[in-house]
Amino acid sequence: MNIMSYIIIATMFMLPSMSWGADAATDNKTLSQQQQAAEAAFLGFKPGVGIMANFFGGHHMPVKSAQVINLVDASGKSTGNIVRVEDISRASVGVAAEFHKLWCIGGKDVPAVKATKDNVEALKNNVKMIEVQRSNLIAQNSNIDDVTKQLSETQNKLSDAQKELNDSKFIGCNGDVSKAAQWGVGPSVALVLGDSNGSGNVINSLFIGPMFAFRPDITSSSSFNIAVGATISPSVQVLGGGISDGQPLPAGETSIRYKKESKGGFGVLLSFAW
């Protein structure tokens, strides 16, 4: 499979899952509840699917195929059998199934929740001012009936506003419950599928690294993600011991030997989570 094939396959997984908020709404959920649920899902443990490029390290690059060439000189005399690598893989691309957990690093203000939060703060200040005023009246032996009534009414308003905020607040970023998480960062792991390194296995490699995520719509948990990190490919085909590209076969050997070994590398993962 070539890179375009992987892109087409990954896109087929992504497109049915994309949601921009309207389709996710249900009759029994308010917009605020929908936004809260979407944020919790965005920041929670989530799967995703995408494409990963794996860049191999080390001296022995993965080899898919090689052949022995009988070289001859100008007079037509054989000069020996030389190994020629036909297909070497310094990097591979595969469809990745990933899993991640995020924490908020950037949020989007939700005006209705911000207004409720500001109202709660204003009412708290009013309660403090009225309590001071009431204390002063008591110290002066003055009538406190009116200010006591005012204090009770303000405290009731504060209680109602606090309940409204508790019902609509977000997990948020840095303690700001009026911001819905829109950017996230956290650890990710992935299994990369596809035999693009000559291993003959369905599992190409394992990836682990930090992920950065962005969701365009705060009413949806769907996000676009990018991660960079380390990879390990458990079974990669390389030339056998003593055999090198451009060199004669070892004495007494007439064919190319291969061996399987694990190889580390560096990976870049692009994924979509729903």
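Predicted model: local features only at pLDDT ≥ 70, side-chain atom pairs only at ≥ 80, totals over all residues.
Is Asp109 buried, exposed or partly exposed? Asp109 counts as partly exposed, because its relative accessibility is 35%. On this scale, buried means under 20% relative accessible area, exposed means over 50%, and partly exposed lies in between, with a 1.4 Å probe and protein chains only.

Residues are numbered from 1 along each chain as its sequence is written, and side-chain values use heavy atoms, with hydrogens and water left out.

Let me stay with Asp109. Its side chain meets that of Lys179 in a salt bridge, at 3.2 Å from N to O. The term salt bridge requires a side-chain nitrogen of Lys or Arg within 4 Å of a carboxyl oxygen of Asp or Glu. Asp109 belongs to strand 5 (residues 103-109) and Lys179 to strand 6 (residues 179-193), so the pair ties together parts that are 70 residues apart in sequence. Helices (H or I, at least four residues) and strands (E, at least two) are DSSP runs, numbered from the N terminus. Lys179 also counts as partly exposed, at 24% relative accessibility.

By this rule, the count of salt bridges comes to six. Another of them joins Lys114 and Asp118, whose closest N and O atoms are 3.3 Å apart. These two residues are four apart in helix 3, so about one helical turn separates them. Lys114 is partly exposed at 35%, and Asp118 is partly exposed at 40%.

Asp167 and Lys163 form a salt bridge, with 3.2 Å between the closest N and O atoms.

I turn now to helix 3 itself. Which residues of helix 3 are buried? They are Val113, Thr116, Val120, Leu123, Val127, Ile130 and Leu137. What covers them includes helix 4 (145-168). The length of helix 3 can also be checked. The expected span of a helix is 1.5 Å times one less than its number of residues. Helix 3 has 29 residues (111-139) and should therefore span 42 Å; its end C-alpha atoms are 42 Å apart, which agrees.

What follows helix 3? Asn141 does, and its phi is positive, near 55°, in a residue other than glycine. Asn141 is found in the loop between helix 3 and helix 4, and it counts as exposed because its relative accessibility is 73%.

My last topic is empty space. Rolling a probe the size of a water molecule over the atoms shows where empty space is left. A pocket is an open set of points, on a 1 Å grid over the protein atoms alone, where a 1.4 Å probe fits, with protein on both sides within 12 Å along at least five of seven lines; lining residues have an atom within 4 Å of a point. The largest pocket holds about 210 Å³ of space. It is lined by 14 residues, and the closest to its centre are His59, His60, Met61, Val63 and Leu239. Strand 3 (78-88) and strand 8 (223-239) are the elements that give two or more residues to this lining.

How values were computed: Contact = heavy atoms within 4.5 Å. Points joined across faces, edges and corners; volume = space filled by probe spheres on them.
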